[in-house]
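Keep the structure open beside them and look up each residue as you go.

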Number of protein chains: 2
Amino acid sequence: MSTPPPLAGGVQGPDALRPLLAAALDALRDGAAARGGPLPRGGPAAVGDRVRTAADPVLPEHGTGPEAALRTLVHALTEGAADPADPLCAAHLHCPPLAVAAAADLAASALNPSMDSWDQAPAASALEALVTRALAAEIHPAADALVTTGGTESNQLALLLAREAAAPRGPLRLLVGENAHHSLIRGAWLLGLPGPVTVPAPAGTLDPAALDEALNELGGPHTTFLVAATAGTTDAGLIDPLDDIADVCAAHRARLHIDAAYGGGLLFSDVRKHLLHGIERAHTVTLDLHKLGWQPAAAGLLVVRDPHDLAALTHRADYLNADDDTDAGLPDLLGRSLRTTRRPDILKIAVTLKALGRTGLGALVDQVCDQARQFAAHIEAHPRFELYDTPALSTVLFRPTDADDTHLAHVRRQLLTDGTAVLGRADLAGRRWLKATLLNPHTRPTDLATLLELVTKASEEVSEEASGEVSEEASGEASGEAKERVNQHATPDLLEGTTPR
Amino acid sequence: MSTPPPLAGGVQGPDALRPLLAAALDALRDGAAARGGPLPRGGPAAVGDRVRTAADPVLPEHGTGPEAALRTLVHALTEGAADPADPLCAAHLHCPPLAVAAAADLAASALNPSMDSWDQAPAASALEALVTRALAAEIHPAADALVTTGGTESNQLALLLAREAAAPRGPLRLLVGENAHHSLIRGAWLLGLPGPVTVPAPAGTLDPAALDEALNELGGPHTTFLVAATAGTTDAGLIDPLDDIADVCAAHRARLHIDAAYGGGLLFSDVRKHLLHGIERAHTVTLDLHKLGWQPAAAGLLVVRDPHDLAALTHRADYLNADDDTDAGLPDLLGRSLRTTRRPDILKIAVTLKALGRTGLGALVDQVCDQARQFAAHIEAHPRFELYDTPALSTVLFRPTDADDTHLAHVRRQLLTDGTAVLGRADLAGRRWLKATLLNPHTRPTDLATLLELVTKASEEVSEEASGEVSEEASGEASGEAKERVNQHATPDLLEGTTPR
């Protein structure tokens with residue numbers, strides 16, 4: 001055969017990567033300029049058409065060569081991205097990664113260490129052991145931590161460890177607040193556990209008295225119960241009363257898991273760390289540095305207070321951890337994950353921790369939390385907007401005063417279709433809210449003022465649509481071609497009143 | 001606060017990334033040169049010491065800044081890597097990634113699309129839909145595919161879909177060949193299923209007659225049975241008789257899963273595709289492009305012949321896929337994975353497929369399979385080595401003729417400790433073998449001749465150690481300092497007879 005295409009590793013890898021990275025960077029720059037906003041306009045149909053044009057054929061008989069493929073597809077991906085680095089992209093716990101973390105992640109791709117055996121990842125496995133211990137120690141000095149693909153896998157693993165700890169006494173029963181992340185319910189289903197018990201959270205946080213009552217009402221040994229509390233809810237960024245919940249669990253000898261996928265970032269902030277008081281009493285804690293840690297996905301962790309619990313994951317596969325290899329001193333890595341091949345996500349985390357230090361990371365956390373406070377104050381003072389509550393973390397829920405729930409969902413979709421802003425939604429306290437999850441430390445107050453203006457404008461557009469006042473002419477400067485494309489493919493609601501920027 | 005560190009995304013991201021990527025590339029180059037071989041010498045203790053020196057403190061109070069952190073930690077990771085781009089690193093299904101795939105993966109890190117909702121990944125989700133369908137169509141025209149973290153998660157998902165399909169009739173019972181990947185057994189445990197039935201595989205592949213017998217002996221409705229076959233075993237790269245197994249499954253109305261994590265790459269080769277005959281009859285198929293696809297981890301897929309099966313993964317979380325959003329045309333992505341936040345691993349795959357085309361990928365597959373045949377022939381002709389069998393894929397099992405099983409395990413560890421070669425091990429047909437998994441298309445015949453020489457030399461060293469003939473002086477040119485470091489930390493067996501290169 002002809003010379004195979006160059007590899008990313010080895011001594012020659014960096015030289016092979018250089019021109020390809022230059023092509024990727026050019027496409028990232030040009031794609032972002034072509035997008036010109038937080039997300040592409042036109043909704044799913046328009047984006048799908050552009051991607052299809054770029055990607056087709058997916059598997060050609062003969063390739064285009066690496067640089068052309070990179071330019072075409074990275075450009076399409078970038079032009080069609082909802083980019084969290086744009087301050088107006090603020091819907092979800094979807095952080096804009098730091099450049100330093102993305103650069104470090106390249107080295108993981110190039111070297112491709114696999115974390116399932118020492119002889120595939122000698123240094124990467126040593127680094128992971130150091131960094132997981134150091135992060136776990138932020139919660140409890142004796143704790144260890146496993147690296148996961150995110151909060152969802154961390155929550156699944158916490159359930160699995162609890163299932164195995166309970167096994168001698170009976171099947172595990174999970175108790176969650178109704179404010180808990182959906183992945184806990186899904187995790188129980190995945191693991192074949194009985195349906196979870198849901199505990200009321202009338203004020204958005206798990207009520208310790210209601211939890212106590214629920215535990216009192218349940219039969220079976222309480223030592224087979226796992227209570228899952230939340231430090232940073234997905235909808236509102238609220239933190240359950242962790243220390244009080246830990247008291248209730250201790251009284252019932254129930255196991256405690258805390259999902260701090262969002263709120264765990266407060267550990268880096270000297271000013272806000274106290275909000276997590278009680279977290280050190282949990283048996284397991286979910287952390288997620290692709291939220292308040294500014295990592296590209298994935299960067300999840302499960303902190304385990306008593307490392308003996310990890311024995312439940314012990315697993316043998318002779319080709320990876322034969323007994324005589326382990327006896328001879330080769331580290332056994334298979335019990336560190338449910339995955340086998342595993343990317344060293346710890347590298348980007350380690351580089352970021354070293355580059356920024358605790359002070360630098362804490363400043364970023366404080367920055368976005370302060371932004372949220374200021375934005376909330378601005379909304380509260382605004383005659384046309386209503387605020388849900390003072391933000392506990394960096395999530396701000398608000399609504400136009402004159403909007404009903406259906407209208408509000410339309411407004412959110414209108415912003416997406418216009419390509420002008422990405423906001424989330426949450427149903428809380430009997431009403432629907434727009435959700436701004438602020439995770440971009442570069443966001444300025446003027447960006448957030450713009451966000452409110454865009455919501456006002458979109459709300460008016462939706463109202464006009466609804467009252468049938470809008471004529472073909474009034475629908476804006478859309479080109480004939482763009483409108484035709486939209487009309488061919490889009491479902492009616494999403495693309496109603498599309499107004500290109 | 002002072003200006004926050006730069007982000008990877010947005011219009012400014014590429015300029016921020018440029019100097020940081022240059023630092024990472026320099027560290028990759030210098031680290032590889034410092035290593036000077038397929039893996040670091042000295043074993044876990046020596047590697048651990050170097051990593052600790054570089055990493056400590058993991059979370060300093062004040063950061064070192066991005067470039068210093070990148071240089072230090074990427075250098076340490078590279079110097080301490082087992083680099084599959086080195087032809088002498090050939091133990092596992094641990095492929096050297098193509099430079100084009102690693103470059104594409106940078107764009108995923110920089111933009112950070114998350115595949116759990118359209119408004120976090122407009123173009124990335126559209127691209128994933130196209131590419132997964134195209135890859136699934138390589139197996140069956142109606143099939144769809146999910147993206148996973150690798151073969152292990154694909155196997156878990158296959159079990160989960162089978163569990164849910166069986167549920168109305170009873171608990172799922174898994175039947176696996178004794179040659180199957182360990183992740184299937186672990187997956188059954190994870191999902192709370194009854195213990196799997198193991199079917200004999202005396203010749204290294206699942207015996208259809210034995211499978212038929214096992215199914216005949218089992219009670220319960222056969223429609224609750226899942227048979228897992230393997231196309232490319234981890235130990236020897238063997239392919240089960242897929243079509244015959246499909247016949248047995250059809251006769252019993254049992255469901256069929258094929259784990260083609262390794263062998264699936266043959267789909268790209270016109271010459272070898274026929275070896276997978278029958279794969280199109282499976283309900284689900286595991287593929288893994290971080291094996292014969294030259295992707296950095298993770299690049300797993302689960303092909304699902306009947307997309308209706310995917311309904312089992314339907315899951316609602318109002319902030320991601322509220323009914324009215326889905327009705328309005330926003331794609332519902334939550335049922336495409338058990339993860340929530342999810343990196344767009346599809347990008348690097350899409351860029352690679354387009355860059356190389358079917359012909360280019362097929363040529364790489366044929367290249368490593370041909371290498372394996374040639375290496376096997378060379379071993380067969382060698383008076384001091386014994387060959388297990390002609391390779392079916394790219395795995396070659398062999399042993400020095402004069403070595404017993406214990407000695408052979410010592411030889412493998414000796415090579416690791418010396419830092420001269422990374423070979424795997426397998427116990428098959430009542431004996432232990434050294435395993436060379438050839439996945440590097442740049443490997444030359446001279447590299448493989450060197451590999452045999454290194455094994456011969458290590459075998460002699462181990463023999464000398466065992467017979468106590470080696471004196472302090474004979475242990476080579478080790479510097480006093482290196483020896484001291486080794487002696488302080490190492491477990492005795494692993495580091496016996498350490499001979500620095």
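1. Let's begin with a loop. In chain B, A298(B) sits in the loop that runs between β6 (284-288) and β7 (300-304); helices (H or I, at least four residues) and strands (E, at least two) are DSSP runs numbered from the N terminus. The peptide bond between A297(B) and A298(B) is cis, with omega about 5 degrees.

2. A word on how to read these notes. This is a predicted model, where local features need pLDDT of at least 70 and side-chain atom pairs count only at pLDDT 80 or more, while totals for chains, interfaces and linings use all residues. Residues are numbered from 1 along each chain as its sequence is written, chains are lettered from A and ligands numbered from 1 in the order in which they are written, and side-chain values use heavy atoms, with hydrogens and water left out.

3. Two spots in chain A also deserve a look. D56(A) and P57(A) are joined by a cis peptide bond, with omega about -10 degrees, and P57(A) is placed in the loop between α2 (43-55) and α3 (66-79). R253(A) is not a glycine, yet its phi is positive, near 55 degrees; you will find R253(A) in the loop between α9 (242-252) and β5 (255-259).

4. Now step back to the whole of chain A. It has 16 helices and eleven strands. Its radius of gyration (taken over C-alpha atoms) is 25 Å, close to the 23 Å that the globule rule gives for 501 residues, so chain A is as compact as a globular protein of that length. The globule rule is 2.2 Å times the number of residues to the power 0.38. Along its principal axes, the C-alpha trace of chain A spans about 75 × 70 × 40 Å.

5. Next, the interface. Contact (heavy atoms within 4.5 Å) takes 165 residues from chain A and 164 residues from chain B. The buried area (accessible area lost on being put together, 1.4 Å probe, summed over both parts) is about 14,000 Å², and carbon and sulfur atoms give 67% of it. R186(A), Y319(A) and K354(A) lose the most area in chain A, together 6% of what that side buries.

6. Finally, the charged pairs. The rule finds 16 salt bridges across the interface of chain A and chain B, each a side-chain nitrogen of Lys or Arg within 4 Å of a carboxyl oxygen of Asp or Glu. One to look up is D325(A) with R413(B), at 2.7 Å from N to O.

Key: Buried area = accessible area lost by both parts, 1.4 Å probe.
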